[in-house]
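This briefing concerns salt bridges and the parts of the chain that they join. Please consult the sequence and structure shown here before reading the points that follow.

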Amino acid sequence: MKWFGLFFFMSIGLTYAQDDQLLQARLNISREDIFVNIEGIVENNSHVYNNKLSYHLLTLKKMPQDIKFEKNDRFGEFTLLPNENKTVTTLRINLEEEQELKVYFFVRDQKNLIAQDSIVINEVVDLLKTTVMREIDIEIKGLVIETTKTKMGKDFYDFFYQLYLREGAEYSFIINIEEKPFLGTGSLISVIIEDQTIFEFQARPDVEMLEGAAKYALVRVNEFNKNKQNVPKVY
């Protein structure tokens with residue numbers, strides 16, 4: 001099937017003010033018939049050797065009438081020589097007519113988020129060219145990233161995300177839900193915003209406990225948002 005249309009890209013590329021502030025993340029997107037080719041590229045414009053970097057490529061895809069996105073995660077580790085530009089991951093996705101695709105690319109130095117890029121693609125019928133728009137001030141809104149490892153972690157995420165959708169808020173920050181092993185067969189679930197752990201608990205296979213924890217986590221997210229809004233802006 002031939003697919004003629006317009007891709008409309010909205011992209012942000014953020015570099016965090018750290019010692020390695022010259023490291024940048026960039027998404028390169030190309031179209032081939034009904035497929036979208038995605039490249040996650042990291043550029044090191046400094047003389048520093050980076051040997052403990054990791055990436056997270058997240059794609060969210062859905063039809064206009066759908067409520068939930070179909071999610072795909074890809075993780076990996078890599079090193080970066082001084083002044084090196086490297087394609088650290090590639091992905092080829094089938095994108096049907098009218099489907100929306102959101103692509104997020106995160107680069108971390110150990111646990112610290114140091115660079116990211118984001119692109120939103122909308123197909124528009126009957127136009128035959130590609131338009132690319134990159135805007136530094138576009139915010140990522142309403143995004144919850146899950147990196148859980150067990151059924152307990154997935155259940156907590158599902159409870160939290162359903163409550164979050166029901167509330168209808170779209171915050172201007174990314175909510176990360178992470179899980180790591182804790183005390184043998186247990187696990188520790190953390191809710192992290194802007195590298196701050198706002199809620200953390202030891203999970204156990206108890207549905208009521210996980211649902212209660214999800215409710216309290218959303219309270220903590222709301223508190224974080226209120227505190228963030230009350231911080232005076234510096235001009």
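Helices are DSSP runs of H or I with at least four residues, numbered from the N terminus. The model is predicted. Across the whole structure, a search finds six salt bridges, including the pairs described below.

**A pair within one helix**
- Lys151 forms a salt bridge with Asp155, and their closest N and O atoms are 2.8 Å apart.
- Both residues belong to helix α1 (residues 151-167); because they are four residues apart there, about one helical turn separates Lys151 from Asp155.
- Lys151 counts as exposed, with a relative accessibility of 62%.

**A pair between two strands**
- Glu43 is joined to Arg26 by a salt bridge in which the closest N and O atoms lie 2.8 Å apart.
- This pair links distant parts of the chain, with Glu43 in strand β3 (residues 35-44) and Arg26 in strand β2 (residues 23-32), 17 residues apart.
- Glu43 is buried at a relative accessible area of 14%, whereas Arg26 is partly exposed at 30% relative accessibility.

- Lys228 counts as partly exposed at 35% relative accessibility, and Glu194 counts as partly exposed at 42%.

How values were computed. Residues are numbered from 1 along each chain as its sequence is written. This is a predicted model: local features need pLDDT of at least 70, side-chain atom pairs count only at pLDDT 80 or more; totals for chains, interfaces and linings use all residues. Side-chain values use heavy atoms; hydrogens and water are left out. A salt bridge is a side-chain nitrogen of Lys or Arg within 4 Å of a carboxyl oxygen of Asp or Glu. Buried means under 20% relative accessible area, exposed over 50%, partly exposed in between (1.4 Å probe, protein chains only).
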